[in-house]
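Reader: I would like to check the labels on this structure one by one. Please give me the value and the cut-off each time.

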Amino acid sequence: MHVLKLTLAIFMFSGCFRPLSWTSPFKRRVYNIYRLYVISMIYFFSMAQFMDIVLNVDNPNDFTDTLNMVTTSSAACYKLFIVWFNYQKIAALINCLTEEPFKPLNLGEVEIRQQYDRIIRNNTLRYSSLIGTTCSFIALVSLFTDFRHKKLTYREWLPYDYSSYIPYCLTYAQQMICTFHVASVNVACDALLCGLLMHICCQIDILEHRLKNILSNQFTLGYCVRHHNRILEYAQVVNMRFTKIVGFQFMASTMVICSNLYQLTKSTLSANHVPLIMYTSCMLTQIFIYCWFGNKVKSKSLQLMDNIFQMEWPILDNSIKKSFLMIMKRSMIPIEISTIYILTIDLNSFVGLLKTSYSVYNLLVRVQE
């Protein structure tokens with residue numbers, strides 16, 4: 001059974017992940033060329049903005065103007081590097097979901113997997129639509145405002161003169177293309193992590209289904225215990241592979257939210273602020289989905305203990321009861337996804353991020369005054 005089909009398609013398009021089925025040397029070479037193109041575009045875009053901050057920025061307004069996109073593009077560069085460097089390990093995580101004990105073994109488990117696949121697909125579509133709509137709207141607004149005045153959408157330092165028409169058009173087009181590449185990389189990495197977290201929840205539901213069917217001899221208790229151990233190990237590996245990405249995204253989101261709040265409050269609200277508001281909403285959504293699905297994994301792992309407790313204990317053998325008690329005792333320690341093994345990713349962390357962003361924003365306002 002295939003898993004994360006839509007997510008992996010976005011991953012492939014973003015240049016982050018070669019399809020697992022592309023094993024021939026020719027396909028590998030073609031995709032490596034495409035990936036090199038994406039990497040060069042994004043890294044050049046990010047470097048040009050960073051150089052603008054170093055060489056040209058001399059006031060807070062210009063700094064916040066450039067900080068928004070340079071932070072987002074830097075996050076995309078970092079995610080692209082981490083995923084590329086860990087290609088084999090991430091591919092192994094995906095392949096694990098198609099092997100035992102994670103593989104569905106009967107009709108009931110297939111229905112559970114299909115239900116979660118629909119949820120993952122719908123969430124990926126909604127998130128991709130939000131980011132794609134925001135990027136398209138920003139590009140459209142820029143086309144009717146900046147392009148008419150031969151002004152670039154984003155500030156950046158360039159080693160050539162783009163004042164004439166053709167160099168300006170090429171530079172403007174390069175910025176627009178890079179914007180969509182940055183967006184696709186962020187969407188791909190975020191959707192993959194959230195999809196893997198949802199599959200951890202899926203495996204917990206499958207484990208509950210197997211525990212309920214022990215009496216019908218469909219599954220042995222030892223098999224269920226091994227499945228529970230594998231779920232815990234899998235969650236730990238997912239956390240290990242993505243903890244650096246989540247940590248960098250938390251820092252980037254805090255900086256962008258502070259910067260956007262600063263820009264919104266420095267002038268009266270107008271139609272020009274709509275793209276900035278939409279961009280801020282995307283950043284909040286980006287970090288919110290991390291916290292939401294991390295919180296869902298935590299609550300689902302704790303719920304396992306309650307669901308086992310509600311089974312028909314009087315008809316169980318003493319050996320099964322003892323094993324159930326061991327599983328319940330281990331389930332008292334929830335599965336937690338953390339960033340750099342310090343901050344737990346849940347809804348409380350999202351609230352803490354908002355508080356931190358507002359505190360830093362107040363500091364920026366006082367410094368400006």
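Author: Start with Lys300, which has a relative accessible area of 13% and is buried. Keep in mind that the model is predicted.

Reader: Why is Lys300 called buried?

Author: Buried means under 20% relative accessible area. Lys300 has 13%, so Lys300 is buried.

Reader: What makes Asp205 and Lys300 a salt bridge?

Author: The cut-off is 4 Å between a side-chain nitrogen of Lys or Arg and a carboxyl oxygen of Asp or Glu. In Asp205 and Lys300 the closest N and O atoms are 3.2 Å apart, and the pair forms a salt bridge. This pair links distant parts of the chain. Asp205 sits in helix α6, Lys300 in helix α8 (residues 274-309), and 95 residues separate them.

Reader: Is Asp205 buried or exposed?

Author: Buried, because its relative accessibility is 17% and the limit is under 20%.

Reader: How do you know that Arg210 and Glu109 form a salt bridge?

Author: Their closest N and O atoms are 2.7 Å apart, and the definition asks for within 4 Å. Here, too, distant parts of the chain are linked: Arg210 belongs to helix α6 and Glu109 to helix α5 (residues 107-145), 101 residues apart.

Reader: Why does Arg210 count as buried?

Author: Arg210 has 0% relative accessibility, so Arg210 counts as buried. Glu109 also has 0%, so Glu109 counts as buried.

Reader: Which contact joins the side chains of Lys298 and Glu336?

Author: A salt bridge, at 3.4 Å from N to O. Lys298 lies in helix α8 and Glu336 in the loop between α9 (318-331) and β1 (338-339), so the pair ties together parts 38 residues apart in sequence. Lys298, Glu336 and Asp346 are linked in a network of salt bridges. The structure holds 6 salt bridges.

Reader: How does the reach of helix α2 compare with the expected span?

Author: Helix α2 (residues 25-55) has 31 residues.

Reader: What do the buried residues of α2 pack against?

Author: They pack against α1 (5-14), α3 (60-85) and α6 (165-212). The buried residues of α2 include Tyr31, Arg35, Phe45 and Asp52.

Conventions: Residues numbered from 1 in each chain as written. Predicted model: local features only at pLDDT ≥ 70, side-chain atom pairs only at ≥ 80, totals over all residues. Heavy atoms only, no water. Helix = DSSP H or I, 4+ residues; strand = E, 2+ residues; numbered from the N terminus. Expected span 1.5 Å × (residues − 1). Buried < 20%, exposed > 50% of the residue type's maximum accessible area, 1.4 Å probe, protein only. Contact = heavy atoms within 4.5 Å.
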